[in-house]
Every structure is written in structure tokens, then in C-alpha cells.
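The stops below are meant to be selected one after another.

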2 protein chains.
Amino acid sequence: MSTRPLAGLRIVEFASFVAGPSAGMTLAQLGADVIRIDPIGGAADFHRWPVSRETGASLYWSALNRGKRSVELNLREPQGRELVLALATAPGPDAGIVVDNAVGREWLSYPALAQRRADVIRMHIGGKSDGGPAVDYTVNTEVGITALTGPADTDTPVNHVLPAWDLIAGMTATTGLLAALRHRDRTGEGADLALALADVALAGVANMGWLTEAREQGDRPRHGNYMYGTFGVDFVAADGDRVMVVALTGRQWQALCAATGVADAVAAVGAALAADFADEAQRYAHREVLAALMRPWFAARSGAEVAEGLTAAGVLWSRYRTLSDVVADVEVGRAAVITEVDQPGIGPVLSARGPLRASGEYGPSTAAVGLGHHTDEVLAEVLGLDAAELGRLHDAGILGGR
Amino acid sequence: MSTRPLAGLRIVEFASFVAGPSAGMTLAQLGADVIRIDPIGGAADFHRWPVSRETGASLYWSALNRGKRSVELNLREPQGRELVLALATAPGPDAGIVVDNAVGREWLSYPALAQRRADVIRMHIGGKSDGGPAVDYTVNTEVGITALTGPADTDTPVNHVLPAWDLIAGMTATTGLLAALRHRDRTGEGADLALALADVALAGVANMGWLTEAREQGDRPRHGNYMYGTFGVDFVAADGDRVMVVALTGRQWQALCAATGVADAVAAVGAALAADFADEAQRYAHREVLAALMRPWFAARSGAEVAEGLTAAGVLWSRYRTLSDVVADVEVGRAAVITEVDQPGIGPVLSARGPLRASGEYGPSTAAVGLGHHTDEVLAEVLGLDAAELGRLHDAGILGGR
């Protein structure tokens, strides 16, 4: 199979920030023709940080909108809205699919779309299931993750910086959309799909058993960088390098004990405490004493020596790195999923290929185009507008991209 | 459309922990017949925490394996492996699809599968793209998220507790699998798909522009609970309640200033500093002085009063909660995506419906079955084994589930 299994499929994206745009980007990497529609001047995410120091352009926007076609329309005017509806409901078995995160835009509702194309598939991404607003940072505090994250010795909750729920929601949306498309391919029936970020987060914590645990046993305490329910611990080497070490399986645990030279001491402690450390629950219960036994091995070695010893023994481990460390790895070619792309309006950027590999090949990484770049092209190709009509719409201020 | 657009599709899952099982669970919620295969006694995740205090059964395993059929086979024996291959490559347009995260099982390789069914679709989820091991906690430290998360006043990196990359990888896998299925439906061509957790994480940070930013501008500092590049701040009420407040858009910013009564003071500060707070980048740059202007409003009010004031003004905000707080919300029916299910072997559990809604309906939430529960049923139905053959395989120790 090629890396573009969705070639020929057309998706209209009317979304901003992470969830919707990452859905569209992923579908584009899988070969779909993704048409992103923006209001004149760009949506609310057009200047989102980080921005390029040289040009001020958003590195975030250009990364999340790669591989799409960009159409810029005046959405304050009925004529602009009419064009969105026409693009979204254009005929063809490979069209009539919309991803949006529009708030309060009744003109783009599912009934409005389905009235024009009965088998339209619409995936609406929202904040809360009742229509209320939410973003990644707000849902993450609400589902209790911040109460479990961070140092054990404070009561202050910690927000993590990764917009995880957004990214999960984006891929959940693409999953739902493609499932609905298979159903439509077979039955001719469209779909009115919706996904709330808050629901993704609630389901996420429930899906790991955490809600049932809290109801049964109360809240577990936060405990810093330890992993929950197993042996996952961070250690610091003599030169300050920090590593994460994980022993989920018996084999990983034995490798770790051997690497750090504590097998005998661990056995003695196990005997004294009547603990069986082959059981990850007991490794977890006694994590502090076990970590204390191992810590001198790390503290007596440089990061390089620690790395060598852990790797040689087959331990599951990693180094704590900064983004700059990742960049350095990329520069020496050690991160094949990252490539350099010349991004118009910015210059060379570090850009991800599609992480899904087909027959060993990553998905493509192309640059983002300028806002509105394909406005005329798309309206001509999909809706059949001719040059005179496009000229009139430009004169009337309905179209951007010129 | 019903909430089961994949009804009739058969997926064989041979995976453990979060990414693969969450992929299978989601496909099951969309209607697919997901057959999870475990070795006798269960895979390495069968006892993963959290566990039920009463029964010791894993709340995690039962949550992530809901809605699937369970087949338990002796994978040390060639006969057991043969059954896995036969299930994975059984004929039919709605079969021949495998999701696995098997490490070093050459007998289950893509060539081995494709030899038996040329159009098989195999989605292999791994740690690193070179076959090396990795888990969520190790890839997260390696891509620099831990260096940005946590209090501003320490140099200690912070692991967040959400296995975000696992969950993202699971949904990326379902997306890739359904894209490949559409391609197969149209062309008859199968797919050798692979996804590495480390690649998902590297692509994730690149997709927000963070790698390019680090290369251009160096590492940004961690800054506690502030959101990056906009105005997102946590505040504490008089009674200790903590809220997250976010102003991404101009309207959200105006609402926040109005709610906290600082509009005039903010205007004066803007004039004095020559800053335009309509621009989120400037709200970010001056976040500390802006937060300091607002803090007294929060400190003078109870959490309930804060909530009322923010909501009335249309501010985007949330409360920092614990898992127990979420449970309390569920108990009063305020979280429709969560339901109670009677889980055999455990009792009543809080279980998520599928968060994707179709025509307003959530996906189903069913219980997980016991390990191996469907072993005989599946082998009879899919492979046509009769009672005598099943009996012989049980006697030979090849089958579990009895």
C-alpha cells in the first residue's frame, strides 16, 4: 500500500487550534485533499505561539496546517457562508465530509448541511457535550490529572504542557470520521457526529480504571516522578544527567537489578520484608527502598556511563531531555520521523512526517501554504466558478487570498 | 447513522497495556467484533494497577478491554501460534485485520501473515521505529515535555501522569487502520502498517512548532501553571478552591477583565507599558502583572462566588478537581459520558461510553469478559473447529478459558 490510502477523498475543515487542525493534517498525510476554510485574516489560531522570531509567523499554525489547501472567505457575509456550505456539500462519493469546531454557527449546523446533501458526514468537535466552552488546559484540571501530577511534597496541582486531550480528540475524530465513511460507502447513509473535548478527557481517565479506583479507595496521592503501580523511577547521574528507568515486566526488573548490581541486596530486602519483587505491585509498594538501593550506582557514574550500563543490560530506560536535545538529535539524523522543510513565510522548519509507516515509509511532510492561497483554485475546481465570478466575489470582499 | 458503523468488521488484537488495547476498545465501541488474544494466564498487563481492593482484579485491564471477545491460547506451542495466524487471516472482506504490539515474535510478522492472506492489514505498534523498547514515560522524557512541565522555581523535570502518547498512538493506529481498510475495500490491496510510540511523540512536539522554536530561540523556560503564548493562569479563592482561567480570544479577555473588575486598571497598565492586551502575545508577556491585578478578586471570594462571577461574565475557566470530585459529579449525573457497569469479577465500575456521538448518542459501554471467555466460541465460529477438536486442544494445553 502507498502511504496515501485516502487519495481522492475530499475533507472540508473549518476548525482552529489543535484538535480539528491535527485531524485535518493527519487525513492530508494519509492522502486526502483537505480544504481548510478560514475567515478573512485567519481564524483565532493564526498567530498562536510559538512564532518565528524573524518573521512573526506562527510556527504552530504552519505546522498544524501542512499539506492542506487554504481557502479564505468572508464569513460575515451570506455569500461567504454560502460558499462554505457549497464546498462542504459538493457532490461525489469522495466528498461531503466536514470537520469543524465552530461555536454558535447555526448556518453550519448538521441540519443545514444535510438539507443540501443528505449523506453528508459532519464531525463537530466541541468543548463540552452541552455546547459549553472548554480547552485542553481547562478539561485537564477538571478531570483530576493536575491533582496527580507534580512533586510529592507540595499540595499545588501541576498543569502539564502537552495539549494531550486535544491531540487525542483529533485522532478520535479521524477514527470516527473514517468509520462513518465506511458506513456511508456501504449504505449511502451520512452521519451527524460530535465529539466533546471534556468527554474525551472523562473517558480517558475512566478507561484506565482511575474513576472506579477513586470511588472505591479515595484519591491516591501524587508522588512525583514515580510511575503508578509498578517500578518507574528517575535517577540522577554524577554529572547531573537524569534518567527514567521502568521495570514493568519481570525481565525488565531482573535487567535493572543486574545493571545496578543490587540483585543480592534486593533479594535480602525481599526476604526481610517478605516481599516478592517479581510482582510489580510489590516493587511499587517498596519503590522508595528499592530506588534507594540503586541510587548510589547512578550517583557514582557519569550520564554516559549510566547509559552504557543500562543499555548493555537491556534495561528499559530513557534520558530526560530538553527540546534542544531533541533538535540536536534531529540534526545528526537520529530522528527519522522529523525532517526539514522550507516553509514559505518562515524559512527552514523542523517538520514531522506522518508517523504512520506503510511498508516502512513515513507519511509525507509538506509545507503549509499561505492563508487563502488556494481560494480561487478550489472555488473553480470544486464549484465551477469562472474567472468573472471569482473577480466579482473578490471585488465584493467575499474572497481573500489575493 | 447508528453508533455502530463498523458492525460486522472483525479485528484481531494481540496487544497489551494502553495503546493497542485502547485502539481495539474504540473499534469495538464503533461496532467491530474485536477478538483479543492473550497467552494462557493473560499478557503482562493483566494485573496492571489500579486493581480492585476487594477482588484484586485489574480495573485498568477490565476498562481497556470492554466490548471485546477474549481468546486465551498457549503461544509457547506451535499449535497455539497457528491458531493466532488462522484467526488473523481468516477469509472475508470484513476480516484479515490485526493490531499488535508484539515484540520479537517473528511468527506474527507481516510477511508471515501476508503469506497466508495477501490482503491482510496489519498495524504494528512498537516503542521505537528501530524496534527498540519504549513506553509512555520514557518517550515523554525524551521529547522534552518533562523539561517544560512543573513549577518555575525548580530545575527538576516533572513527569505528568497521563499516558498521553499511548492514547494518541492508539487513536492514530485506528485512523491508519481504517484508512488502509478503505484502500483495501477499493483496490483489494492489504497494508503493512507500523507506528512507533517514540515517533508519535516526536511528531507531536514538532506539530506544534516546538522543535523549530527550540532550534531558533533555544529552550523556553518552564513556567508553572501559566499557558504558553497566551493568558492562561491559575488562581486560588479564599477557601482554597483553585481555578484555571484562559483568555485565548479577545472576547474571552474582555470577559475576564470585566468579571474581575480590572478593566480600568488593565487599560492604565497597558498605556503605561505601551502594551496592547488585545494581542494575546502581549497578554502572555505581561502575564505576571496582569495576574497580580486580578488575584485580589479571587482571594476575596469563595470558590462558589468565583464560579458564579466567572460564569456570569462568560469567562473560559475550570475548577481544579481531584478524581474524587469527578466521581461526585458522575454520581449526580453531570457526566453523561460516564456510566455504571456491572463488571464480572469486580462489581459495579464507572465506565466510559464511547465519547464519539452519532446523532447525539454515545457509543456503548459494556463490561469486559473474563480472560479466555470466548476461546471455544471464536475458534468454532471463525475457524470451524468442532467440539472434538476443541476438546483435544484443551487436553493438549493449547487453549485456555475453561
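In which sense do strand 1 of chain B and strand 2 of chain B pair, and over how many bridges? They pair in the parallel sense, over 4 bridges. Two strands count as paired if DSSP finds at least two bridges between them. Strands (E, at least two residues) and helices (H or I, at least four) are DSSP runs, numbered from the N terminus.

This is a predicted model, in which local features need pLDDT of at least 70 and side-chain atom pairs count only at pLDDT 80 or more, while totals for chains, interfaces and linings use all residues; side-chain values use heavy atoms, with hydrogens and water left out. Residues are numbered from 1 along each chain as its sequence is written, and chains are lettered from A and ligands numbered from 1 in the order in which they are written.

**Stop 1: strand 1 of chain B**

Select B:Val12 and its bridge partner in strand 2 of chain B, B:Ile35. From strand 1 of chain B the chain passes through helix 1 (residues 19-29) of chain B to strand 2 of chain B, a β-α-β crossover that is right-handed. Right-handed here means that, with the strands pointing away from the viewer, the path from the first strand over the helix to the second runs clockwise.

Strand 1 of chain B also pairs in the parallel sense with strand 4 of chain B, over 3 bridges. To see one contact of that pairing, select B:Phe14 and its bridge partner in strand 4, B:Asp100.

Is strand 1 of chain B enclosed or open? 5 of its 5 residues are buried, so strand 1 of chain B is largely enclosed by the rest of the structure. Buried means under 20% relative accessible area, exposed over 50%, and partly exposed in between (1.4 Å probe, protein chains only). In a regular strand the side chains alternate between the two faces of the sheet. Here B:Arg10, B:Val12 and B:Phe14 are on one side, B:Ile11 and B:Glu13 are on the other, and all are buried.

**Stop 2: the sheet across both chains**

Now show the open sheet of 8 strands, with the order 13(A)-12(A)-6(B)-5(B)-4(B)-1(B)-2(B)-3(B) and mixed pairing. Strand 13 (361-363) of chain A and strand 3 (69-73) of chain B stand at the edges, each with a single partner strand, so one side of each is left without a neighbour in the sheet. From one strand to the next, the twist averages 25 degrees.

Within this sheet, strand 4 (residues 97-100) and strand 5 (residues 121-126) of chain B run parallel and are joined by 4 bridges. Select B:Ile97 to find B:Ile121 of strand 5 opposite.

Helix 3 lies across strand 1 (10-14), strand 2 (33-39), strand 3 and strand 4 of chain B, and runs at about 150 degrees to strand 3. Axes are lines fitted to C-alpha atoms, for helices over the stretch in contact (heavy atoms within 4.5 Å), and angles run from 0 to 180 degrees between N-to-C directions.

**Stop 3: a hairpin in chain A**

Move to strand 10 (residues 338-343) and strand 11 (residues 347-352) of chain A. They pair in the antiparallel sense over 6 bridges, and A:Ile338 stands opposite A:Ala352. The two strands form a hairpin with 3 residues between them, and A:Gly345 in the turn has a positive phi of about 90 degrees. Strand 11 of chain A is mostly covered, with 5 of its 6 residues buried.

**Stop 4: loop residues**

Where is A:Pro50? A:Pro50 sits in the loop between strand 2 (33-39) and helix 2 (59-64) of chain A, and a cis peptide bond joins A:Trp49 to A:Pro50, with omega about 0 degrees. In chain B, a cis peptide bond joins B:Trp49 and B:Pro50, also with omega about 0 degrees.

Then select A:Ser359, in the loop between strand 12 (354-358) and strand 13 of chain A. Phi of A:Ser359 is near 50 degrees, a positive value in a residue other than glycine. At 45% relative accessibility, A:Ser359 is partly exposed.

**Stop 5: the two chains**

Finally, show both chains whole. A rotation of 180 degrees with 0.0 Å of shift along its axis superposes chain A on chain B, with an RMSD of 0.0 Å. The two copies are thus related as by a two-fold rotation axis. The superposition is by least squares on the C-alpha atoms of residues with pLDDT of at least 70 in both copies.
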